[in-house]
Amino acid sequence: MRLLDVSNNEIAQLAVDTLAENKQFVRAVTSYADDHEILASEDIYAQNGMKLIPHGTRISKKFYDRLVAHKLLKPIEQSLAISDALDARKLVELTHAEAHRVPSLAPMLENRELLDKMQGLLGDIQLPAPLALKLSVIRVDQPDFFQHCLITAMLSMVLAVRANLSRGEIRALALASIFHDLGETCIAPDILAPQHKITEAEYRHLYTHPITGYLMLHEFSEIPEETAIAVLQHHERLDGSGYPYRLPGEQISKISRFLAVAEFCSSLLQRYGADKRIQLKLWLNRSRYDKHAMEILFKLFADTDCPLPKLPEEAVLMSRLTRIGKIFEDWKVIRESFSAADVDAISYFIKRVNSLQMLLLEFGFDKARIDEILSLSSVGDPEISMETNILIEELARGFKDLYGEVQRKVAIYGSTLEPSVRARVHEWLMSACSLADDKVQ
Ligand SMILES: [Fe+2]
Ligand SMILES: [Fe+2]
C-alpha cells in the first residue's frame with residue numbers, strides 16, 4: 001500500500017525535499033566522525049553525477065562544506081560504515097538504565113526481570129545499518145533528544161506488557177518509540193529549543209516531521225510497516241486535533257495510540273520531572289489519547305508518591321490567573337460580534353476555544369471561583385497553587401497548539417472571513433498564547 005501520495009500532497013512533498021537536503025544530519029555525522037571512525041562504504045555522489053568522496057575515505061568535519069554544497073544522490077547514512085554502532089541489545093540496556101531516572105518507573109526496575117523480558121523480546125531485532133548509524137550519531141549530537149526516545153520506549157514497554165500486547169505488537173511499538181521523532185533530526189536543533197520563537201516556515205517543517213520519519217523508516221524491509229505507520233501518526237489525536245492529517249480516533253493505529261500516550265508522558269517527565277502535576281495532566285488530556293493506555297499510566301503514577309512541584313511565585317500565579325479571566329472576557333466580546341457567516345467560517349476555531357473554556361470548568365475554575373481566589377489571595381494554599389499552575393500551563397499549551405493549527409492553515413479562520421475580523425481573532429490568540437510567558441503586571 002502506498003500510504004503517501006507525494007505528487008499531490010504539499011506537506012508530503014516538503015518532507016521529501018527536507019530529506020533530500022538534510023544538512024542537519026550531514027553536520028552531525030561529520031562532527032561525530034572527528035572522534036569516531038566512520039568510513040565511506042562506497043563512492044559518494046552528488047545528484048549531478050559528481051563524485052564527492054571516494055570509497056574507503058575516513059570522514060571528518062572537513063568534508064561538511066563539500067557535502068552540503070550538493071544534493072546527494074542518496075541519504076548520506078546509506079554510504080557510511082561505523083564500527084561501534086548501537087544495536088538492539090545495547091538500546092534495550094540504555095533504555096532500562098535511563099528509566100532509573102524516572103521515579104515512578106524505578107521501583108519496577110529493581111529486579112532484572114523487566115530487563116531480561118525486554119532483551120528476550122527485543123534484543124534480536126536487526127536494525128538496518130543506516131538507522132543504527134543515525135542513532136549512534138544522535139546519541140552524541142542531541143543527548144536530550146536521545147533521552148526522550150529512550151524514556152518514550154521504556155514507557156511504551158511498560159504499557160505494552162501491562163496491556164498484554166502480542167510479541168509482534170511489542171516489537172513494532174518498541175521500534176516506533178525509538179524512532180518516532182527521527183524526522184526531527186532534519187530540523188535545526190535551535191528551532192526546537194523552548195525559548196525559540198518559531199516562524200511560519202519553521203512551523204511547517206516541524207509539522208512535517210512525522211512524514212519525514214515515516215519516509216525514513218518505510219524503505220527498510222527490517223522495519224515493520226506498523227512501526228512506520230505509528231511514526232506517521234504519532235501526533236494524531238483521538239479528538240482530531242492532531243497532525244499531519246487530523247485523523248479521528250478510529251483511523252489511528254493501535255500501536256500509534258500507545259506510542260502517543262508514552263510520548264506524551266515522556267515529554268511531561270522531561271519538561272516537569274515526576275511530580276504531582278503528571279497525574280493531573282494525564283487526566284486533563286484523557287479525551288485526546290487512548291483510554292486504556294492512559295488508565296495504565298494513570299495508575300502507575302497514582303501508585304507513586306510524587307513530590308509537589310516547584311511553582312512560580314504567588315504574584316506570578318495571581319497575575320496569570322487574572323489574565324485568564326481577561327482572555328475569556330475578551331473572547332466573549334469578540335464572539336458576540338460575529339455575524340452568522342463569521343460563525344460559519346470559523347466554526348472549528350470556536351469549537352477549539354470552547355473546549356479550552358471547558359477545561360476551566362472541568363477544573364472547577366468558573367468565573368466566580370477565579371474571582372474568589374483573586375479576592376482572597378488564596379493561591380498561597382499549596383494545593384490551590386498547584387491546580388492554578390497546571391490550569392495555566394494547560395491553557396497556555398492549548399492556545400499554542402491552536403496557534404500551531406492556524407499556522408498549518410487547517411480550516412481555522414476560513415477563507416470567507418472578513419480581514420478585520422480575522423485580524424481581531426488573530427490578535428486575541430497571540431495575546432492568549434503568551435499567557436504563561438508574561439511578567440508580573
Ligand atoms: Fe517525541
Ligand atoms: Fe514527534
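Helices H7 and H15 are roughly perpendicular to each other, a label used here for angles of 65 to 115 degrees, while angles under 35 degrees count as roughly parallel, those over 145 as roughly antiparallel and the rest as oblique. Their packing angle is about 110°, and the axes of H7 and H15 (residues 291-302) are 10 Å apart. The axes are lines fitted to C-alpha atoms, for helices over the stretch in contact, and the angles run from 0 to 180 degrees between N-to-C directions.

Which residues bring H7 and H15 together? H7 supplies Val158, Leu159 and Arg162, and H15 supplies Ala293, Ile296, Leu297 and Leu300. Two residues are in contact if their C-beta atoms, placed from the backbone, lie within 7 Å. By class, this contact has six nonpolar, no polar and one charged residues. Here Ala, Val, Leu, Ile, Met, Phe, Trp, Tyr, Cys and Pro count as nonpolar, Asp, Glu, Lys and Arg as charged, and the others, Gly among them, as polar.

Before we go on, a word about the model. It is predicted, so to speak of a local feature takes a pLDDT of at least 70 and side-chain atom pairs count only at pLDDT 80 or more, whereas totals for chains, interfaces and linings use all residues. Residues are numbered from 1 along each chain as its sequence is written, and chains are lettered from A and ligands numbered from 1 in the order in which they are written.

Now step back to the whole protein. Its secondary structure comes to 21 helices and four strands. The radius of gyration is 23 Å, close to the 22 Å that the globule rule gives for 441 residues, so the protein is as compact as a globular protein of that length. That radius is taken over C-alpha atoms, and the rule is 2.2 Å times the number of residues to the power 0.38. The C-alpha trace spans about 70 × 55 × 40 Å along its principal axes. Of the 441 residues, 37% count as buried; a residue is buried if 20 or more other C-beta atoms lie within 10 Å of its own, exposed if 12 or fewer, and partly exposed in between, with C-beta atoms placed from the backbone. Among contacts between residues at least 6 apart in sequence, 75% join residues at least 24 apart.

The protein is divided into domain 1 (21-82), domain 2 (88-302) and domain 3 (314-433), with bounds that come from an automatic or database domain assignment. The C-alpha centres of domains 1 and 2 lie 29 Å apart. Eleven residues from domain 1 and eleven residues from domain 2 take part in their contact. On the domain 1 side, helix H2 (23-35) and strand E4 (80-82) are the elements that give two or more residues, and H2 gives the most, with six residues. That side of domain 1 has six nonpolar, four polar and one charged residues.

Helix H18 (residues 347-362) and helix H20 (residues 382-407) pack at about 175°, with their axes 10 Å apart. That angle makes H18 roughly antiparallel to H20. From H18 come Arg352, Leu356, Leu359 and Leu360, and they meet Leu391, Glu394, Leu395, Gly398 and Leu402 of H20. The residues of this contact divide into six nonpolar, one polar and two charged.

How much of helix H12 is covered? Six of the eight residues of H12 (residues 225-232) are buried, namely Thr227, Ala228, Ile229, Ala230, Val231 and Leu232. These buried residues pack against helix H8 (167-179), helix H11 (209-218) and helix H13 (254-272).

The loop between H12 and H13 deserves a look too. Pro244 lies in that loop, and the peptide bond from Tyr243 to Pro244 is cis, with omega near 5°. Arg246 is placed in the loop between H12 and H13 as well, and has a positive phi of about 50° although it is not a glycine. Arg246 counts as partly exposed, with 18 C-beta neighbours inside 10 Å. Asn164, in the loop between H7 (143-162) and H8, also has a positive phi, near 55°. With 8 C-beta neighbours inside 10 Å, Asn164 counts as exposed.
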